[in-house]
Protein chains: 2
Amino acid sequence: MTSTINADAPRWLTEPEQRAWRAYLRGSRLLEVSLDRALAPHGTQLSEYEVISMLSEAPGGRLRMSALADLVVQSRSRITHTAARLEKRGWVVREACLDDRRGVELVLTDAGRTAVGDIAQCHVTSVRDSMIDLLAPEEFLGLGKAMQKIRDALAEDGQATDAHTI
Amino acid sequence: MTSTINADAPRWLTEPEQRAWRAYLRGSRLLEVSLDRALAPHGTQLSEYEVISMLSEAPGGRLRMSALADLVVQSRSRITHTAARLEKRGWVVREACLDDRRGVELVLTDAGRTAVGDIAQCHVTSVRDSMIDLLAPEEFLGLGKAMQKIRDALAEDGQATDAHTI
DNA sequence: TGTTGCTGGTTAATATTTCAACTATTGAGA
DNA sequence: TCTCAATAGTTGAAATATTAACCAGCAACA
């Protein structure tokens, strides 16, 4: 009888799974809050800092908007707005792409590079205080390895962060 | 000479630490997107679902706003807005606290309980697909244990999600 | 009792994010 | 060459989140 009803019964979480999932959910939220709060005195958010940080590591301090969007997991629209804020702050400038005239590159300014340098110090300290130093070294690396798997699995398709696809 | 300058040199991340941290950052963002997307067809966000889910487990399907805020890691202000949306949807109602007349309890309605039941199925499936089933069982439980430590450490002080304290 | 400071929650204004068009360009193929 | 679908990025409006007041009730205490 039941077979006609629940053709696809969900596998509910076991007690330990439930605990682990809840711990992740709360922990990740608290961590985000904590890191954001540490950056606040610098007038930045984590999501903004991620952008200039990626730029600072890229050759020439420049990256295309779409590459940036994928790197920091922001929608195309969001990265446009984020870039606008950073530009207003004088940390980046937009430049047209030479090869692809649809494209736009975001370029870190000198002021932007200085800002990254200043903020990085505060940021790395907060990452240690709020996460790394709370864990045993292998524990943290194991967490990283697990998240790497998740990242790889979800990055494949999830590219379409905007409503573009579908 | 240098000693006068960097009184407190930051411990930069090692290569493996950097990789792990980046994996966490990207992975957690992608996961959030993925889970949210799974709930979208039900007209809900993860942050809203968390609220009604907590209510459904609480005795009497009711919790005080402040307790709820701490549970789901939302600021006082944010939980007020979230509750307003859920109320408009008919899933919860506000009720005055009997003992403490400042207080407000959020109560799950019958419709709300039905909604939780419907959505839970879709949610647990997406949690498995986007996270649990991507990892070895011990890997996931290990991740949970690590996040539990982070949660415990950050929950202590971080209570003040609003600008109330300090 | 009156005062003071704290907690619980809301509100209005602002900032950020998402959503749904929209333009311009590229690239593949007829 | 022309057409058409797909990609890159932007824009404006709507939804959501944060910030900084704010009010009411509690609690301690003179």
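How many residues of chain B are in contact with chain A? In this predicted model, 62 residues of chain B are in contact with 63 residues of chain A. The legends below describe close-up views of this interface and of helix packing.

**View 1. Interface of chain B and chain A.** The two chains bury about 5,900 Å² between them, with 66% of that area on carbon and sulfur atoms. On the chain B side, the residues that lose the most area to chain A are Trp21(B), Arg26(B) and Arg29(B). Together these three residues account for 11% of what that side buries. The interface of chain B and chain A also contains 12 salt bridges, and the structure holds 30 salt bridges over all chains.

**View 2. Salt bridges of Arg29(B) with chain A.** Arg29(B) forms a salt bridge with Glu32(A), in which the closest N and O atoms are 3.1 Å apart. This pair crosses between chains, joining helix α2 (residues 15–39) of chain B, which holds Arg29(B), to helix α2 of chain A, which holds Glu32(A). The side chain of Arg29(B) also meets that of Glu50(A) in a salt bridge, at 2.3 Å from N to O.

View 3. Helix α2 (residues 15–39) of chain A and helix α3 (residues 46–57) of chain B have axes that come within 13 Å and cross at roughly 130 degrees. The angle makes α2(A) oblique to α3(B), and the crossing of these helices is left-handed. From α2(A), the contact is made by Arg22(A), Leu25(A), Arg26(A) and Arg29(A). From α3(B), Leu46(B), Glu50(B), Ser53(B), Met54(B) and Glu57(B) take part. By class, the residues of the contact of α2(A) with α3(B) comprise 5 charged, 3 nonpolar and 1 polar.

**View 4. Packing of α3(A) against α4(A) within chain A.** Helix α3 (residues 46–57) of chain A packs with helix α4 (residues 65–72) of chain A at an angle of about 120 degrees, and their axes are 10 Å apart. This arrangement makes α3(A) oblique to α4(A), and their crossing is right-handed. Glu50(A), Val51(A), Met54(A) and Leu55(A) of α3(A) make the contact with Leu68(A), Leu71(A) and Val72(A) of α4(A). The contact of α3(A) with α4(A) has 6 nonpolar residues, 1 charged residue and no polar residues. Glu50(A), a residue of this contact, also has its side chain in the salt bridge with Arg29(B).

**View 5. Packing of α4(B) against α5(B) within chain B.** The axes of helix α4 (residues 65–72) and helix α5 (residues 76–88) of chain B are 9 Å apart, and the helices pack at an angle of about 105 degrees. The two helices are therefore roughly perpendicular to each other. Met65(B), Ser66(B), Leu68(B), Ala69(B) and Val72(B) of α4(B) contribute to the contact, as do Arg76(B), Ile79(B), Thr80(B) and Ala83(B) of α5(B). The residues of the contact of α4(B) with α5(B) divide into 6 nonpolar, 2 polar and 1 charged.

Key: Residues numbered from 1 in each chain as written. Chains lettered and ligands numbered in written order. Predicted model: local features only at pLDDT ≥ 70, side-chain atom pairs only at ≥ 80, totals over all residues. Heavy atoms only, no water. Axes fitted to C-alpha atoms, helices over the stretch in contact; angles between N-to-C directions. Helix = DSSP H or I, 4+ residues; strand = E, 2+ residues; numbered from the N terminus. Parallel < 35°, antiparallel > 145°, perpendicular 65-115°, else oblique. Left-handed = near helix turned anticlockwise from the far one by under 90°. Contact = heavy atoms within 4.5 Å. Nonpolar A, V, L, I, M, F, W, Y, C, P; charged D, E, K, R; others polar. Buried area = accessible area lost by both parts, 1.4 Å probe. Salt bridge = Lys/Arg side-chain N within 4 Å of Asp/Glu carboxyl O.
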